[in-house]
Amino acid sequence: FYFSYGFLLLLLHILRAVIALEERIIVSKLGDNATLSCIYRGKELHLNSLRVYWQIADDQEECSVVHALISGQDNESEQCIHFKNRTQLFWDRLENGDFSLLLLNVSQSDERTYKCVVLQKTEYTKVIHQAEVVLSLAASYSQPILSGPIRNSDSTGEEVTFSCRSGNGYPEPNVYWVNKTDNSHLPPSELKITPHTDGTYSIFSTLKVKATSNMQIECSIENKILQENLSANYTQQKQSNGASPESHKNPEKNRRGAQAAGIVSVVILIGLLAVLICWLWRRRSSKPASY
């Protein structure tokens, strides 16, 4: 019985430790401010008896102190230079056990696992709370721009090329080409992902396929962290033989209309000249001869 009771206490202790160290994942956009959560739901606290440390969870780091609060005062003596003037605690929440940290203007180098440790000093110093937070960063990609081929009425069966581009996103995206007629995925002919100095990426992809009578192609950019999926579509019906696309019909109509208007103008001008000549001839012939 005593063995079982002792084992049960040990199991409960382990479970409490696991719950206390359960990781939380925070997603923030590049350049935004991120709040790393650390909330202790225990008895009333006195800040003068507390030490709060935010640190990088990886013990291999040369400097791991992100923020420190000692006896109710910020302590910057051991703070890593990377986090100088970029961290804040919520002072109006501390006495309620909310030790969350505000990290300003996050960048790629902030994409880490952080650990919050709260110590209380009474007769001796003990850890009363700890938590870990994983910070994941992301940035939305721009609406993709899909460029399709200019088709002739007899281009069915020929190889045509589509291109798709998007940018200013993070992390690297998944790029999909989809044949919307049957929702099948098509392998890209080219996929180029370019990193930029601000940490974001741009993508350029091409697709080469055989032209069909009914082409419906989609380019899709997926950002898994933000659960965003942006797409652009191309749809073009093949025109019947002997007919031209509307985009070609209208210029032809305009050209013919301009020619007709020009002919009518010339005819009117000739008529006016003829009337003017007749009028002048009659006026001259009606004058009496002078001797």
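The model is a predicted one, in which local features need pLDDT of at least 70 and side-chain atom pairs count only at pLDDT 80 or more, while totals for chains, interfaces and linings use all residues. Residues are numbered from 1 along each chain as its sequence is written, and side-chain values use heavy atoms, with hydrogens and water left out.

The secondary structure consists of two helices and 17 strands, taken as DSSP runs (helices H or I of at least four residues, strands E of at least two) and numbered from the N terminus. Of the 291 residues, 33% count as buried, a word that stands for under 20% relative accessible area with a 1.4 Å probe and protein chains only.

The structure also holds three aromatic pairs, where rings of Phe, Tyr and Trp (its six-membered ring) pair if their centres lie within 6.5 Å, and planes over 60 degrees apart count as edge-to-face. Among them are these two:

| Pair | Centre to centre | Angle between planes |
|---|---|---|
| Phe 83 and Tyr 114 | 6.3 Å | 80° |
| Phe 162 and Tyr 234 | 4.9 Å | 75° |

Phe 162 is buried, with a relative accessible area of 0%, and Tyr 234 is buried with 12%. Both Phe 83 and Tyr 114 are buried as well.

Key: Buried < 20%, exposed > 50% of the residue type's maximum accessible area, 1.4 Å probe, protein only. Phe/Tyr/Trp six-rings, centres within 6.5 Å; stacked < 30°, edge-to-face > 60°.
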